[in-house]
Structures are given as C-alpha cells and as structure tokens.
Amino acid sequence: MKKRIAILGSTGSIGQQALNVIYQYAENFEVVALTTNRNVELLAQQVKAFHPSYVGIVDTESAREFGNYGLSDTEVISGKDCLVKLATLPEVDLVLVAVVGIAGLEPTIAALEAGKNVALANKESLVAGGHLVMEAARKSGSRIIPVDSEHSAIFQCMAGCDDPRRINRVYLTASGGPFRNYTKEDLRHVTVNEALNHPNWKMGKKVTIDSATLMNKGLEVIEAHWLFGLSIEQIKVVIHPQSIVHSMVEYIDGSIIAQMGKTDMRLPILYALSWPERLESTIGGLDLAAMEPLTFEMPDFDRFPCLALAYKALEIGGTMPAVLNAADEVAVEKFLKGEISFMEIPVMIEQAMKSHKAIQNPDLNTILRVDHSIRRQLM
Ligand SMILES: NC(=O)C1=CN([C@@H]2O[C@H](COP(=O)(O)OP(=O)(O)OC[C@H]3O[C@@H](n4cnc5c(N)ncnc54)[C@H](OP(=O)(O)O)[C@@H]3O)[C@@H](O)[C@H]2O)C=CC1
Ligand SMILES: CC(=O)[C@@H](O)[C@H](O)COP(=O)(O)O
Ligand SMILES: [Mn+2]
C-alpha cells in the first residue's frame, strides 16, 4: 500500500527535494496535501505534477491568486489554520513538516496528537516547544522521524540501541559555515551574500544564515536533547568542514558509530519517508579513496557566540529556548534586510534572553505568547 503524505512547506528547499524523491518512488508514496506560505506559482506546478486532494495557502491574498490557475480538482484551504487542518486529515499517514520557523510548532503537535507519524525537518518546533512535541508523540504512540541530517544520522546510529543510559555522548557535526576561519574583526564586515554562500549545502535562507552564525548547531543541540532524551553534557558539537560524517554516537564502551553519506538532503528525506524500510536510491554512496581527508576540530564559542547562547537557553529551560528561537528569527530577518550587521545577531538574541524571566514547563499558549512578545519587542 502507498504511504499517503502531507508536505507542509512543499515550496521550500526541503519540500521541493521531498517531491523530487517522491516523484522517483511513485509506487511507494502518494501526495495528499501540499502547502505554501505565498509561492502559488510553484504550488500550481506541484499540483499539476502530483495531483494532491488539498492545498493549504497561509497567505489569504495568495490563496485568492491561486484561483486564477483553474486547478479545481484540488480543494484549497487558506489562512494560518490550514497547516493544522492538513496535518490532521484522516487520509494522511505521514506528515512531512518542512515549513521554516515557529509556524511548524502547532501542526507538528496536532499531527502527532492525531496519531500521524511525523517526518520532522522543522527544528524550531522542538526548540520552542520540545517537551510538548515529545509529550504528544508519547501519548499517541506516533513516531517522529528526524529529517535534519545530523538527527537522521543519530537516529540511524542508534538503531538497535537508543537507551540514553548506554550512550556517553553524541557528536553533532558542523561544517563551520562560510566564516569558519574568520577572525572576530573579519566577522564584523561580512555581507549578506557571503553569509548565504554555504560551503556544502544549498538550503533556505534562514537555515543558511543560522549555519553561518553556528546558531543552526545550537538549535540542533536543543533538537537532539528532545529527540533522543539526552542531557546537555551528552551533546557535543564538533566542526567537520567536509560534512561527510553527518553525526556520531559514542556508547559507554567507547565505541563510536558514525553515519556518512553525500551532502544531499534527499538521503535523509528518503530515509524519513521510507522508514522503517530502506529503499534503493540512485544518489549513491561515497568514493572513499577519492575523498579529501575528513577532519575534526573544536568549535570556537568566542567567535560564534550563538552556539553558547543556545546551550545557555537549554540549560535555563522553560520558555528560554522559545525566546532564543524568536529572537533568532527576528535577527536573521533583519540581517537579511540589511538592517543589522552579522555580529549584531548574537547581541540581539542575548539582549532578548536577558530581558526574559523563564517560565518553567510552559503550555502551548504560554510559548506562543512569549514568542509574540519577543517578536514585538525586537521588531
Ligand atoms: N533546507 C535544508 O537543507 C534543511 C532545512 N532544515 C530545516 O527545515 C525547515 C525548512 O527549511 P527550508 O526548506 O530550508 O526553508 P525554506 O525557506 O526553503 O522553505 C520554507 C517553506 O515554509 C513555507 N513558509 C514560510 N513561512 C511560513 C509560515 N509563516 N507559515 C507557513 N509556511 C511558511 C515557505 O513558503 P513560501 O515558499 O511561500 O515562502 C516554504 O514552503 C527549517 O526548519 C530548516 O531549519 C533542516 C535541515 C536541512
Ligand atoms: C543539511 C543540514 O542538516 C543543515 O542543518 C546543515 O547541518 C547545515 O550545515 P551546518 O553544519 O553548517 O550547520
Ligand atoms: Mn542540520
């Protein structure tokens, strides 16, 4: 039987690559629903190719524009609530959450509560509301299959032994981004285009800037904490500029299991969609002898303060990671618009964290209220 899939954020980098994968496995997967924020032109092309029963369009003006494409066999649901509606459709087996930012939180929880398995690319949902996401999965018995390359790697390395008590630590690998060897002075003058030029991955703008500041790795530390039930002390970051080892698990006997593969997000996407099976792929493995040497070094928390801020937010807990996330989303947007410099990103986030007194064990409304108030404060 085909797995019936809803893709939230199908017009983004992960969403498009997921459709590329699904196209090659038409006998395995069926697309039931697709969503966009406002890219209706691309959405219309996707509808013509995949014939979903539903599309969700968050921006209501764009939803009206979609009417001009005459795709009347597909039901259109518009507005912010479309994500939750499509994530909980009875005819969906698996929800790929590939929207960017806090917008992923509510539909991820809703999908899990509705008993759907979730292929999770959206790391911000775990950062802002990890305890709620994990609780929803635990209560319903639904599974979260990570799509983020490092967490997919850890998930794969843990197959057969995922008991945190048997694990010394995990190593999250980080490319180091385009500014890995820059001095603090160099970092003061980097441009938006330089920051968008990731050495190894072609991704959406927000995650690309996060990679350049190392906030991406900070968010991934928090993501790993929730996904795998690991303590802060068990989660280490190691700079690995080649991005060939996607992450590693060190067990209590000292054995380290690593997952390697090409720098191609279609691999973790395929794994998440096909899990618990593995499907044959044309992407192929690595030419080990032809590869440049694999190197590892420690991250520099001084030049890249965002990484330290993320560890700090996780240590404080409660609503603090949601503050970190909201401040980062605003700061990245401002940097992309040329309103602040690269090194003002961590300053803005740190100020937001200092201004907030964390509320422990927050419910969803509290997290969303804190998220809104930080955005209002910083905009
Ligand atoms: N790209 C990658 O390789 C990787 C990404 N990730 C994570 O996956 C997630 C998606 O990343 P990526 O694909 O790069 O992001 P993109 O910016 O490329 O795509 C984001 C998608 O979400 C939609 N969207 C944007 N804002 C909203 C909103 N407020 N409400 C609903 N939908 C919205 C966009 O619609 P529209 O097209 O209209 O803007 C688009 O479909 C992120 O959390 C990222 O950290 C993790 C690992 C790798
Ligand atoms: C592909 C992926 O998972 C990204 O999150 C990636 O990790 C970004 O690269 P960095 O290692 O530079 O953050
Ligand atoms: Mn990643």
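Visitor: Hi! Which helix gives the largest share of the shell around ligand 1?

Guide: That is helix 1, which supplies 3 residues of the shell. Keep in mind that this is a predicted model.

Visitor: Okay, which residues come nearest to the ligand?

Guide: Of the 29 residues around ligand 1, the nearest are Gly-9, Gly-12, Asn-37, Met-203 and Gly-204.

Visitor: How does that shell divide into nonpolar, polar and charged?

Guide: There are 12 nonpolar residues, 12 polar ones and 5 charged ones.

Visitor: New topic! At what angle do helix 13 and helix 14 cross?

Guide: The axes of helix 13 (residues 305-316) and helix 14 (residues 320-336) cross at roughly 150° and come within 7 Å. Angles over 145 degrees count as roughly antiparallel, so helix 13 is roughly antiparallel to helix 14.

Visitor: Which residues make the contact?

Guide: Helix 13 brings Leu-309, Ala-310, Ala-313, Leu-314 and Ile-316, while helix 14 brings Met-320, Pro-321 and Leu-324. The residues of this contact are 8 nonpolar, with no polar and no charged ones.

Visitor: What about helix 11, is it mostly covered or mostly exposed?

Guide: Mostly covered: 13 of the 14 residues of helix 11 are buried.

Visitor: How far apart are its end C-alpha atoms?

Guide: The ends of helix 11 (residues 215-228) are 20 Å apart, which agrees with the 20 Å that its 14 residues should span at 1.5 Å a residue.

Visitor: And what follows helix 11?

Guide: Gly-229 does, with a positive phi near 65°.

Notes: Residues numbered from 1 in each chain as written. Chains lettered and ligands numbered in written order. Predicted model: local features only at pLDDT ≥ 70, side-chain atom pairs only at ≥ 80, totals over all residues. Axes fitted to C-alpha atoms, helices over the stretch in contact; angles between N-to-C directions. Helix = DSSP H or I, 4+ residues; strand = E, 2+ residues; numbered from the N terminus. Parallel < 35°, antiparallel > 145°, perpendicular 65-115°, else oblique. Contact = placed C-beta atoms within 7 Å. Nonpolar A, V, L, I, M, F, W, Y, C, P; charged D, E, K, R; others polar. Expected span 1.5 Å × (residues − 1). Buried ≥ 20, exposed ≤ 12 C-beta atoms within 10 Å, placed from the backbone. Near = placed C-beta within 6 Å.
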